[in-house]
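Q: I have a structure here that is new to me. Can you walk me through it?

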Amino acid sequence: MIDPIDLVIFDCDGVLVDSEVIAVRVLVRLGEEFGWPLTEAEAIERFVGRSEAANHAMVAERLDEETATLFDKRFRELHAEAVDAGLTPVDGLPEALDALEALGLPTCVASSGTHEKMRHTLGRTGLYGRFEGRIFSATEVGRGKPAPDLFLHAARRMGVDPARCLVVEDSGPGVQAARAAGMRALGYAGGVTAAERLAGPGTVVFDDMRGLPGLVAAYQG
């Protein structure tokens, strides 16, 4: 028997809010500024889905610690400016959330981003109130994605067995973390990450957020 789903865990960037396109654009710009030329594909491969601490360490290794600190500062500034200029929810996401609420399924957020960043992005898009009190950050655990720590932390705080959790992710590290946590995953390929990077055991890949409620309902039998 396959356990039904008692909790849907959402990633934030690229799943709830359409911010990964912003992040990739900013990363490419900063690569030019700091002497580390990056294509969009390289920025997605290296940075998307990972914690700020992991990305900082990668920049410091490639450049140096002082430059990595400046890189972080510039990224936060440019990202915040772009968010304020017109960040939107992922297409179809608000309607999908309405449908999940109608199913009576609990939800939460578990993101590689900081709480400050999520207050900004979710607040800017009017989604913060839908998850307030059920938002978890990689800053709360020892290891970020692709390690399972964050998703296990979210499940524990929500009082749900990992085997009864379904993760909605849009990055390679994210779906890897879900699998490592013993959770099933839905890989959203409607953003910056190619479908083949999301595919794998226990994972269903989809590209239209409007299809999410049907996919979730299928796990309920």
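Q: Which strand does L7 lie in?
A: L7 is part of strand β1. Helices (H or I, at least four residues) and strands (E, at least two) are DSSP runs, numbered from the N terminus.

Q: Before going on, where do the coordinates and numbering come from?
A: This is a predicted model, where local features need pLDDT of at least 70 and side-chain atom pairs count only at pLDDT 80 or more, while totals for chains, interfaces and linings use all residues. Residues are numbered from 1 along each chain as its sequence is written, and side-chain values use heavy atoms, with hydrogens and water left out.

Q: Back to L7: buried or exposed?
A: L7 counts as buried, at 0% relative accessibility. Buried means under 20% relative accessible area, exposed over 50%, and partly exposed in between (1.4 Å probe, protein chains only).

Q: What does L7 touch?
A: Not counting residues up to four places away in sequence, L7 touches L105, P106, T107, C108, A155, M158, V160, R164, C165 and L166. A contact means heavy atoms within 4.5 Å.

Q: How far is L7 from A155, C-alpha to C-alpha?
A: The C-alpha atoms of L7 and A155 are separated by 8.0 Å. Along the chain these two are 148 residues apart.

Q: And where is I5?
A: I5 sits in the segment before β1. I5 is buried too, at 0% relative accessibility. Leaving out residues up to four places away in sequence, I5 touches L105, R164, C165, L166, R184, Y219 and Q220.

Q: Now the whole chain. How many helices and strands?
A: The chain has 11 helices and six strands. Its radius of gyration is 17 Å, close to the 17 Å that the globule rule gives for 221 residues, so the chain is as compact as a globular protein of that length. That radius is taken over C-alpha atoms, and the rule is 2.2 Å times the number of residues to the power 0.38.

Q: What does the C-alpha trace span?
A: About 55 × 30 × 30 Å along the principal axes of the chain.

Q: What share of the residues is buried?
A: Buried residues are 51% of the 221 in the chain. As for contacts with a separation of 6 or more, 66% of them are between residues 24 or more positions apart.

Q: Which residue takes a positive phi just after α6?
A: G126 does, with a phi of about 75 degrees. Just after α5, G104 has a positive phi of about 80 degrees. Most residues other than glycine have a negative phi, and most peptide bonds are trans.

Q: Where is there a cis peptide bond?
A: K145 and P146 are joined by one, with omega about 20 degrees. P146 is in the loop between β3 (135-137) and α8 (149-158).

Q: One more helix residue: where does H79 lie?
A: H79 lies in α4, residues 65-86, and is buried, with a relative accessible area of 5%. Leaving aside neighbours within four places in sequence, H79 is in contact with S19, I22, A23, V26, K117 and T121.

Q: And S51, where is that?
A: S51 is in the loop between α2 (40-47) and α3 (52-62). At 10% relative accessibility S51 counts as buried. Not counting residues up to four places away in sequence, S51 touches S112 and A138.
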